[in-house]
Amino acid sequence: MAKIICVLYDDPVDGYPKSYARDGLPNIDHYPGGQTLPSPKAIDFQPGTLLGSVSGELGLRKYLESLGHTVVVTSDKDGPDSVFEKELPDAEIVISQPFWPAYLTAERIAKAPKLKLALTAGIGSDHVDLQAAINRGITVAEVTYCNSISVSEHVVMMILGLVRNYIPSYQWVVKGGWNIADCVARSYDVEGMHVGTVAAGRIGLAVLRRLKPFDMHLHYHDRHRLADGVEKELNVTWHDTVEDMVKVCDVVTINCPLHPETENLFNEKMLSKMKRGAYLVNTARGKICDRDAVARALESGQLAGYAGDVWFPQPAPKDHPWRTMPHHGMTPHISGTSLSAQARYAAGTREILECWFEGRPIREEYMIVDGGKLAGAGAHSYSAGNATAGSEEAERFKK
């Protein structure tokens, strides 16, 4: 029988919800492009409930314990005295969400000789040292596409929020003011602006499709070029380098995975190539941007605004400069964990576990590392290597 550690974020401060704002979720049976939604044999949860926190348990405990497995659910994940680190040595499976990642560094993997499967309940497995997983023959899987549309909606919201100066305007209302001039002195229309996405995969392409009706000029960079028909449909311009694209864009949105080739991609040099007063939105991974270079660019005016919901490490220490830098629209990592998305990634996690325990193949599109090499979505989107260095700083959030 296996021991499974499930690392989830804490319940709401007022306790696990007894009721919800809405009674259910819209019915969606496939993703754009035709990929079907997760298809486990059964689920033990009500879609639309809070599944991603410790009390929600991704709806997995009943299923796993019915098979005789041991389940440990915790939010305590950082530092040598954490529950996660203490339970890890005899764990066979680790389940984690990108929003509250259980960092599986090479050092932690070395302390876990029984570990066979690192499962991401969501999208993005950079919190696992993929090179160490390859070397050890550990399988890494994630629930591809489960929250891609959720994230793309968040991107559009943040672009509009920054360009229209929404958050400061809202704050004037809360303070009892009617300071119209203060609100609109930094407010513009997105119509006619040039917007570019770094990567045009499931999320990036969904962002482009949602921005086209705003009559923006669309651009993208991706190592996998879109089909001719898609480029013509969207009237989108491809750029062979990120540097070439950012020079012409008023808004840049980052939608690529984190791996050694993209780590610190938006550094001082890249930011200096952007238009003065451009906006940068990052819902991909915090480490794709140089933390201090972004803060300086906002202070100097090189960037007019920065928004995103990804940080490094996560949770971000309380003195992280992105909490206090000017003209930002940051949120905790929430874009992909709406109640709608949770129902999909909880079901996808159940599907992967059913396949694992029954000896059936896991969907190819869910695979990141398998058989000692990048596989499936991993082979398409990642490069081998490690992007977890520095994750131990997440422990400072608790202090």
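A salt bridge is a side-chain nitrogen of Lys or Arg within 4 Å of a carboxyl oxygen of Asp or Glu. The views below show a predicted model.

**View 1. E365 and R363 form a salt bridge.** The side chains of E365 and R363 meet with N and O 3.4 Å apart, so the pair falls inside the 4 Å limit. E365 is partly exposed, with a relative accessible area of 25%. R363 is buried, at 15%.

**View 2. K111 and E85 form a salt bridge between a loop and a helix.** The closest N and O atoms of K111 and E85 are 3.0 Å apart. K111 sits in the loop between α3 (106-110) and β4, while E85 belongs to helix α2 (residues 83-87). The pair therefore ties together parts that are 26 residues apart in sequence. K111 counts as partly exposed, at 47% relative accessibility. E85 is buried, with a relative accessible area of 15%.

**View 3. E231 and R225 form a salt bridge.** The N to O distance between the side chains of E231 and R225 is 2.7 Å. E231 is buried, because its relative accessible area is 11%. R225 counts as partly exposed at 49%. Elsewhere, K3, E87 and D90 are linked in a network of salt bridges. The whole structure holds 25 salt bridges. Side chains of opposite charge can pair when their charged atoms come close.

**View 4. L58 sits in the largest nonpolar core.** This core has 63 residues. L58, I95, L104 and L353 are those with the most contacts inside the core. Helices α1 (61-66), α4 (130-136) and α13 (339-358) each supply at least two of its residues, and so do strands including β1 (3-7), β3 (93-96) and β4 (117-120). Helix α13 gives the most, with seven residues. Beyond its neighbours within four places in sequence, L58 is in contact with residues including C6, L8, F45, I95, Y345 and A346. Also among the contacts of L58 are L51, G52, Q97 and A121. Apart from this core lies another, of 33 residues, with M245, C289, W311 and W322 among them. In soluble globular proteins, nonpolar side chains tend to be buried together.

**View 5. Seven strands form an open, mixed sheet.** The strand order is β2-β1-β3-β4-β5-β13-β14. Strands β2 (70-74) and β14 (373-374) stand at the edges. Each has a single partner strand, so one side of each lacks a neighbour in the sheet.

**View 6. β5 pairs with β4 and with β13.** Strands β4 and β5 run parallel and are joined by four bridges. On this side, T120 stands opposite E142 in β5. Strands β5 and β13 are antiparallel, paired over two bridges. Here V140 has V369 in β13 as its bridge partner. Side chains along β5 point in two directions: T139 and A141 one way, V140 and E142 the other. All four of these residues are buried. In a regular strand the side chains alternate between the two faces of the sheet.

**View 7. S150 is a buried serine of helix α5.** Helix α5 spans residues 148-163 and includes S150. S150 counts as buried because its relative accessibility is 10%. Leaving aside neighbours within four places in sequence, S150 is in contact with S335, G336, S338, A341 and R344.

**View 8. Y166, I167, Y170 and V174 make a nonpolar surface patch.** The patch covers about 430 Å². Y166 lies in helix α6 (residues 166-174). At 53% relative accessibility, Y166 counts as exposed.

**View 9. The loop between β11 (303-308) and β12 (328-330) holds P313.** A cis peptide bond joins F312 and P313, with omega about -10°. Another cis peptide bond joins Q314 and P315, with omega about -5°. P315 is found in the loop between β11 and β12. H327 is also found in this loop. The phi of H327 is positive, near 55°, although H327 is a residue other than glycine. H327 counts as partly exposed, at 37% relative accessibility.

**View 10. N235 has a positive phi.** The value is about 55°, and N235 is not a glycine. N235 lies in the loop between α9 (228-234) and β8 (236-238). N235 counts as exposed, at 63% relative accessibility.

Terms used
Residues are numbered from 1 along each chain as its sequence is written. This is a predicted model: local features need pLDDT of at least 70, side-chain atom pairs count only at pLDDT 80 or more; totals for chains, interfaces and linings use all residues. Side-chain values use heavy atoms; hydrogens and water are left out. A nonpolar core is a set of buried Ala, Val, Leu, Ile, Met, Phe, Trp, Tyr and Cys residues joined through side-chain atoms within 4.5 Å. Buried means under 20% relative accessible area, exposed over 50%, partly exposed in between (1.4 Å probe, protein chains only). Contact means heavy atoms within 4.5 Å. Patches are made of residues with over 30% relative accessible area and no salt bridge: like charges are joined within 9 Å, nonpolar side chains (Val, Leu, Ile, Met, Phe, Trp, Tyr) within 5 Å. Accessible areas come from the Shrake-Rupley method with a 1.4 Å probe; for residues, only the protein chains shown count as cover. Two strands pair if DSSP finds at least two bridges between them.
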